[in-house]
Each structure stands twice: as C-alpha cells, then as structure tokens.
Amino acid sequence: MSDSLVVCEVDPELTEKLRKFRFRKETDNAAIIMKVDKDRQMVVLEEEFQRFVVYSYKYVHDDGRVSYPLCFIFSSPVGCKPEQQMMYAGSKNRLVQTAELTKVFEIRTTDDLTEAWLQEKLSFFR
C-alpha cells in the first residue's frame, strides 16, 4: 500500500533536470540533491548534502569495465517532525518512478555515505 502513496509531487523543473542528468556526457562523479518543500508539498532541488540524492558514480568493475550507474540515495532528515518524516517517505516512490531509477539505497545518516559503502551496494548489480 505504501508503494502507491503519493504525498508530494515532483517539481517539473526538477524532472527536466533529472532527465538531462541521466544523459550527461561527463565521466566524473556528480550529484543532484533534492528535498521536500513542505509548503508546496513538492520535491525540489536543494544545494545541501542531505535528504534525496541522485548520484552518477564512476564504477570500475572487477574485470576492468567502467560504468556510470545512476544511484538514488534516500536519507530522511535527522531530528525532523513526524509529519515531515512521512512526507519524505511518502514521496520517495514517486521520485524514483519519475526519475526512472533502478538503483535505490537508503542510509540512516549522511555519515554512512562513503565510497566503500556505495561500492558494496553496487557490487550486487554486477
């Protein structure tokens, strides 16, 4: 049931930015940071490193191949009100669908987000 719950829509400008990000030509690591705008009830672009993250990561496989997986990393803000926690959790699936993401990971705190952690998670997608 929670898969179909939609609390916040995705800002159309963010949808377009995510589409362009998916097809970017650069080969470096890059990220788009997003947050829930509580007043507008919409997922929007943010500059801080927290909340929703779409990350294009240069991943070197064990056999030497290089790929650039687009990873969605979800972290609910620490210390926020239960109402806002629900907005984040209820908006996650819509955002994943809108951005057409398949590699979806969740972290408890941003301190958990390390390169070793991401490589371990991506190793399951060989």
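**A tour from two loops to the sheet**

Begin by selecting Glu 100, which is found in the loop between helix H2 (82–99) and E8, where helices (H or I, at least four residues) and strands (E, at least two) are DSSP runs, numbered from the N terminus. This is a predicted model, in which local features need pLDDT of at least 70, side-chain atom pairs count only at pLDDT 80 or more, and totals for chains, interfaces and linings use all residues. Residues are numbered from 1 along each chain as its sequence is written, and side-chain values use heavy atoms, with hydrogens and water left out.

Glu 100 has a positive phi of about 55° although it is not a glycine. Most residues other than glycine have a negative phi. Glu 100 is exposed, with a relative accessible area of 57% (buried means under 20%, exposed over 50%, partly exposed in between, with a 1.4 Å probe and protein chains only).

Select Gln 41 next, in the loop between E2 and E3; its phi, near 50°, is also positive, and Gln 41 is partly exposed, with a relative accessible area of 44%.

Now display the open sheet of 6 strands, which has the order E1-E3-E2-E4-E7-E8 with mixed pairing (two strands pair if DSSP finds at least two bridges between them). Strand E1 (9–10) and strand E8 (103–106) stand at the edges, each with a single partner strand, so one side of each is left without a neighbour in the sheet.

Further in, select strand E2 (residues 30–37) and strand E4 (residues 52–56), which pair in the antiparallel sense over 5 bridges; Ile 33 has Val 53 in E4 as its bridge partner.
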